[in-house]
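The structure is shown first.

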Amino acid sequence: MRTGVWLVGARGSVATTSIVGALALRAGLTGPTGCVTELPGVNSPALPGFADLVFGGHDVAVTPIAKRAEALADAGVLPARLVAALPEELSAVERELRPAPTAGTQADRAAALVRDLTAFRQRHELARVVVVNVAATEPAPRPHPGHADADALRAALAGPDEVLPPSSLYAYAAVAADCPYVDFTPSTGLRLPALTALADRHGVPYAGHDGKTGETLLKSVLAPMFAMRHLTVRSWSGLNLLGGGDGATLADPDANAAKVRSKQRVLGETLGYLPQGDTRIGYVEELGDFKTAWDLITFAGFLGTGMRLEFTWHGCDSALAAPLVLDLARLTAAAHAAGRTGPLTDLAFFFKDPLGTATHSLADQWTRLCAFAGSLDAGGIDATRG
């Protein structure tokens, strides 16, 4: 099942790492460490193989993908041997990357995006194309009447106003091109009534939001532990330090606020209350693509005895995120092939702010993910759909 993976933000660190990783897996140069879809509970013959994935994408940046890969190798994110071994494969991907359209109305830009997606699918004779947003985090958009109704939105896009933020314009184009959509960021994406109605109208599945790769991953494990042991969490404070493009983006207060809201949701919905404390995100340029999170948790046990737990998480954001991007592309493609539509709530395992679910326990999400993967019928794949 040849499957297109169209990356919004295709020249960024996460996208570049995803592309290099998939190409290396296809060539047998590395193993699938970090790829959840390679575990026995999730792996299914319904999933497209790594060799079936064809990459393309949009970006406002123009640095060649091979140069981005070399820079990530210099920073210790990618093994230099892999980048050196894949020059022809990276050149082939480069030919499929397109500049983000900037001219005309948002309707004009959406039409250009649809043309790029459609041409990509036809050029490579793909069964379907999954659009994955891995671009920089956006601030929350200003409300607009067009956000509430699909027909009103279509009319508004033809006017002079910037009705949709970029993530939502890409989501609109993906749906209009009959492509499943995955939002790996905390940006708005499809989270507007007009866009979800449009997705339902086109019968495409979608998933999101905000990939769970570090501190929030640990929260989704530890918070249920406190709840199940009937321990009262009095405070939970976190400090996240990161560099790179994502860190620079999150230096903007509005983008920072959108990210923090996504990270905090797990505590309130798992514990049933919000403890004191908050999560802070700071930009430290020198850290590059690596990030450090330090959390302090104070809690009370039997007879009110006060205790505390601290943890430090130091990881490479792109190396943690990239295998999940590949997982989500494979799972979403298989869901589309199996006729699934609407929000893929069983993919909550991958997200900080998952669609349509009240459970943030990683164990519960894992159970649902395995059941979902097991329900995908390899024999029912329609290779002509999409």
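Over the ring of which residue does the charged end of arginine 330 sit? In this predicted model, that ring belongs to phenylalanine 50, and the charged end of arginine 330 lies 4.4 Å from its centre.

**Aromatic pairs**

Five aromatic pairs are found in a search of the whole structure. In one of them, the ring centres of phenylalanine 349 and tryptophan 366 are 5.5 Å apart and the planes meet at 55 degrees, so the pair is tilted. Because phenylalanine 349 belongs to the loop between strand E11 (342-343) and helix H13 (362-375), while tryptophan 366 belongs to helix H13, the pair ties together parts that are 17 residues apart in sequence. The two residues have these accessibilities:

| Residue | Relative accessible area | Class |
|---|---|---|
| Phenylalanine 349 | 14% | buried |
| Tryptophan 366 | 28% | partly exposed |

Elsewhere, Phe226, Trp236 and Phe299 form a cluster linked by ring pairs.

Strand E1 covers residues 3-8; six of its six residues are buried, so the strand is largely enclosed by the rest of the structure. Thr3, Val5 and Leu7 are buried on one side of E1, and Gly4, Trp6 and Val8 are buried on the other, which leaves both faces covered.

E1 pairs in the parallel sense with strand E2 (residues 53-59) over six bridges; within this pairing, threonine 3 has leucine 53 of E2 as its bridge partner. E1 also runs parallel to strand E4 (residues 128-133), to which six bridges join it, and valine 8 stands opposite asparagine 133 in E4. Together with helix H1 (residues 13-26), E1 and E2 make a right-handed β-α-β unit.

Methods:
Residues numbered from 1 in each chain as written. Predicted model: local features only at pLDDT ≥ 70, side-chain atom pairs only at ≥ 80, totals over all residues. Heavy atoms only, no water. Phe/Tyr/Trp six-rings, centres within 6.5 Å; stacked < 30°, edge-to-face > 60°. Helix = DSSP H or I, 4+ residues; strand = E, 2+ residues; numbered from the N terminus. Buried < 20%, exposed > 50% of the residue type's maximum accessible area, 1.4 Å probe, protein only. Lys NZ or Arg CZ within 6 Å of the ring centre and 35° of its normal. Pairing = 2+ DSSP bridges. Right-handed = clockwise from strand over helix to strand, strands pointing away.
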